[in-house]
Amino acid sequence: MKATGVALPILALLAVALPGAGLAEDSPAAADTGAQRRDEAMDHSQMDHSQMDHGQMDHSQMDHSGHGGHAGHEMSFDAAGMVMNTNRDRLPPGCPKVSRDYDFEVRAGTAYAKAFPGDVFGMSQHEFRVVPCSRVTFTFINEDAIRHQFMIHNLPRNLYPQGMFHLEAAGGATKTGTLIVPGGDKTYLVHCDIAQHMEQGMKGQLVAGRGSGDLSSIPGVSARFREDLYRDPRQWLWVAGGSFLLTLLGIRWWSQRRLS
Ligand SMILES: [Cu+2]
């Protein structure tokens, strides 16, 4: 009776102390509390934006809320989404003719983020490699229930108002558009501009020729601007199992000591 009376508080102490001790082995991760993780997520979005050339993208001049800001765009718009600035025949600067045709079928949705820890949204393909002056048709299939976009930026403004090619598909919808890539080696940003979708994985790049360097945080292509720390659930099982075993051993040792 006396043995159990002392063993119980010790058991409780062990149970509290041991999981903590297990975590102390890799303290940086242990310190990664929920609150910090939220802060990092916010930070991440801001820093990611600052690293990109969003400043050159004219988002300030765009009016996403209505038609007013889309003056001059060639645009087809319906309940299923829109296709903006599609171009099949007007040649961009440096292109005497269309060099080649490409057809990409891009699927978008949460299912394509599974391979990338920390991402929520994704695309079936995050990088598109083409030769300069090629004509590229994108069929954008949205498998989610929410709206997604497929936007390409920094294209020649005389052909693509605001330098932008833009597909937008409502949940479950498919939209197709074509553009002719300018001459020269350049990497173009592809993204979904709906709030936080790019930061959560809907970011890609269209690489013409040798490109002009990888953009950051392209899933499967380039490193994240800031890495997220995630713990494998199996690690928790090891910690819990280890603590339990140590507790049993402690009780055994204690009761043997009391009896001897
Ligand atoms: Cu999206």
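Which residue in β8 is the bridge partner of M151?

Modeller: Before the answer, a word on reading the model, in which residues are numbered from 1 along each chain as its sequence is written. It is a predicted model, in which local features need pLDDT of at least 70, side-chain atom pairs count only at pLDDT 80 or more, and totals for chains, interfaces and linings use all residues. The pLDDT, which is the predictor's confidence in each residue from 0 to 100, averages 79 over the protein chain, and 70% of the residues score at least 70. The chain holds four helices and 11 strands, taken as DSSP runs (H or I of at least four residues for helices, E of at least two for strands) and numbered from the N terminus.

The partner of M151 in β8 is H166. M151 belongs to β7, a strand of residues 148-152 that is largely enclosed by the rest of the structure, because five of its five residues are buried; buried means that 20 or more other C-beta atoms, placed from the backbone, lie within 10 Å of the residue's own. In a regular strand the side chains alternate between the two faces of the sheet. In β7, both faces are covered, with H148, F150 and I152 buried on one side and Q149 and M151 buried on the other.

Strands count as paired if DSSP finds at least two bridges between them. β7 runs antiparallel to β8 (residues 165-169), to which five bridges join it, and β7 is also joined by two bridges to β10 (residues 186-191), again antiparallel. On that side, M151 has H191 of β10 as its bridge partner.

Key: Buried ≥ 20, exposed ≤ 12 C-beta atoms within 10 Å, placed from the backbone.
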